[in-house]
Amino acid sequence: MVILIGTKGQLIKTAGVMLELERRNIDYLYVQTDQQPSFNRVLEEKFGLKKPDLNLRNEDKDLKNIYEIPIFILKVLINAFKYKNEIKKHKILITQGDTISTLLAVIIGKLFNMKVVHIESGLRSFNIFHPFPEELVRIISVHFSDILFPPSDWAKGNLKKYEGKKIIVNTFQNTVYDTLCEFLSPKEDDPRNSNYIVSAIHRQETIYNKERFRKCIEVIINASKRKKIKYIIHKPSEVQLKKFKLYDIIKNNENIEIMGYLDYITFMNLVRDSAFVITDGGGLQEETYYLNVPCLLLRERTEREVGLGETAFLSEFKDEKINYFFENYYNFRRRNEFKRYYPSKIIVDTLISI
């Protein structure tokens, strides 16, 4: 088997599958496109994973902006053909999610005549532009993959037209829960007892859109009047904040603490102990559901149903909805106890049986 991924989000959500393979002494080829090498090396060490067997980019610096993507794609494809024989001798290629690396993995798998496995399949916002290009990548990945692992009944329902044409197996939960359950327990105390809010804004559709990014900053500033903000900023976001002349507005606000990269476990502990989270990310929508932490989604649409109306609240960028959440955030908690499934085990069991 080949596991081909590139972002920290993909690594976090694929780590459980990799560890499950290693526990069973099943050999696999770990291939990286390394969109985010600075994150990936830290996560590999934290999770006890091996370093990549092959690196199709082999650079130390993370991709910082969309202008680097064409060169990145070209380099990855050239190196894939350089290692063609090593990759192709495996029959199954596993990838995850909705990133540019997902798309590259599907292309490489099809070019090398491999069976492509798509983890976290069937998520849909039903709007090609929200989020873009993620929604488009999901559609293409599903269409050209052979084995699909949707993380819920709802996601499986979105794959109905592929029944009988592809192997579709419900994992009942996102593989991220295997990673979370390994290291953290859910929040038990009242969110109002926390004196800070966590903010993480990073999606391309947000940070490259001046008006949308400005709106997000406005929301964060308003939230900072209620509690201190711990604002996690990665390099691409920092570049765009400075470009749009928004960085100093945050930096000069004494109630906002700008924080750089935190390793995944440290970050999740920070999230768990917060009053609530402000984000445009789908990953945090799922993670805050497990952690039982209120989450305000600064998005018009979401491709996930997990936690909506319970821990997560979709703002649609409407002021009345945002203000409603601020006034009632402590009510956004899980209604039922978290039921544990083992998605990574389901995936490995299925691939072994195939």
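**Where two helices cross**

Tutor: Start with the residues that touch. From α8 come Val176, Thr179, Leu180 and Phe183, and they meet Tyr264, Ile265 and Met268 of α13. Keep in mind that this is a predicted model. Sort the residues of this contact by type: six are nonpolar, one is polar and none is charged.

Now look at how the helices are placed. Two packed helices are described by the angle between their axes and by the distance between those axes. Helix α8 covers residues 176-183, and helix α13 covers residues 264-272. Their packing angle is about 80 degrees, and their axes are 11 Å apart. Angles of 65 to 115 degrees count as roughly perpendicular, so α8 is roughly perpendicular to α13.

Stay with Met268 for a moment. Setting aside neighbours within four places in sequence, Met268 is in contact with Leu180, Leu184, Leu284, Glu287 and Leu291. Leu180 is also one of the α8 residues at the helix contact. Next, widen the view to the largest nonpolar core, which has 47 residues. Within this core, Tyr264 and Met268 touch the most other members. Helix α1, residues 8-23, gives the most to the core, with seven residues. There is also a second, separate core of 30 residues. Leu246, Ile278, Leu298 and Phe326 are among its members.

Next, turn to helix α2, residues 37-47, where Glu44 is found. Is Glu44 buried or exposed? Its relative accessible area is 0%. Buried means under 20%, so Glu44 is buried. The side chain of Glu44 makes a polar contact of 2.8 Å with the side chain of Arg41. Not counting residues up to four places away in sequence, Glu44 touches Leu11, Tyr30, Gln32, Leu49, Lys50, Lys51 and Pro52.

Ser38 also has its place in helix α2. Ser38 has 37% relative accessibility, so Ser38 counts as partly exposed. Beyond residues up to four places away in sequence, Ser38 touches Asp60 and Asp62. With Asp62 there is a polar contact between side chains, at 2.6 Å. Now compare chain and space. Ser38 and Tyr261 are 223 residues apart along the chain, yet their C-alpha atoms are separated by 9.4 Å.

Glu257 gives another such pair. Along the chain, Glu257 and Thr171 are 86 residues apart, and their C-alpha atoms are separated by 38 Å. Glu257 is found in strand β10, residues 256-259. At 40% relative accessibility, Glu257 counts as partly exposed. Leaving out residues up to four places away in sequence, Glu257 touches Ile229, Lys230 and Tyr231. A 3.0 Å polar contact joins the side chains of Glu257 and Lys230.

Finish in a loop. Asp146 sits between α6 (134-144) and β6 (147-149). What does the side chain of Asp146 make a polar contact with? The partner is the side chain of Lys110, at 3.1 Å. A polar atom of the Asp146 side chain also lies 2.8 Å from the backbone nitrogen of Val116. Apart from neighbours within four places in sequence, the residues in contact with Asp146 are Lys110, Met114, Lys115, Val116, Lys166 and Ile167.

Notes
Residues numbered from 1 in each chain as written. Predicted model: local features only at pLDDT ≥ 70, side-chain atom pairs only at ≥ 80, totals over all residues. Heavy atoms only, no water. Axes fitted to C-alpha atoms, helices over the stretch in contact; angles between N-to-C directions. Helix = DSSP H or I, 4+ residues; strand = E, 2+ residues; numbered from the N terminus. Parallel < 35°, antiparallel > 145°, perpendicular 65-115°, else oblique. Contact = heavy atoms within 4.5 Å. Nonpolar A, V, L, I, M, F, W, Y, C, P; charged D, E, K, R; others polar. Buried < 20%, exposed > 50% of the residue type's maximum accessible area, 1.4 Å probe, protein only. Polar contact = N/O pair within 3.5 Å; in protein donor to acceptor, adjacent residues only side chain to side chain. Core = buried A, V, L, I, M, F, W, Y, C linked by side-chain atoms within 4.5 Å.
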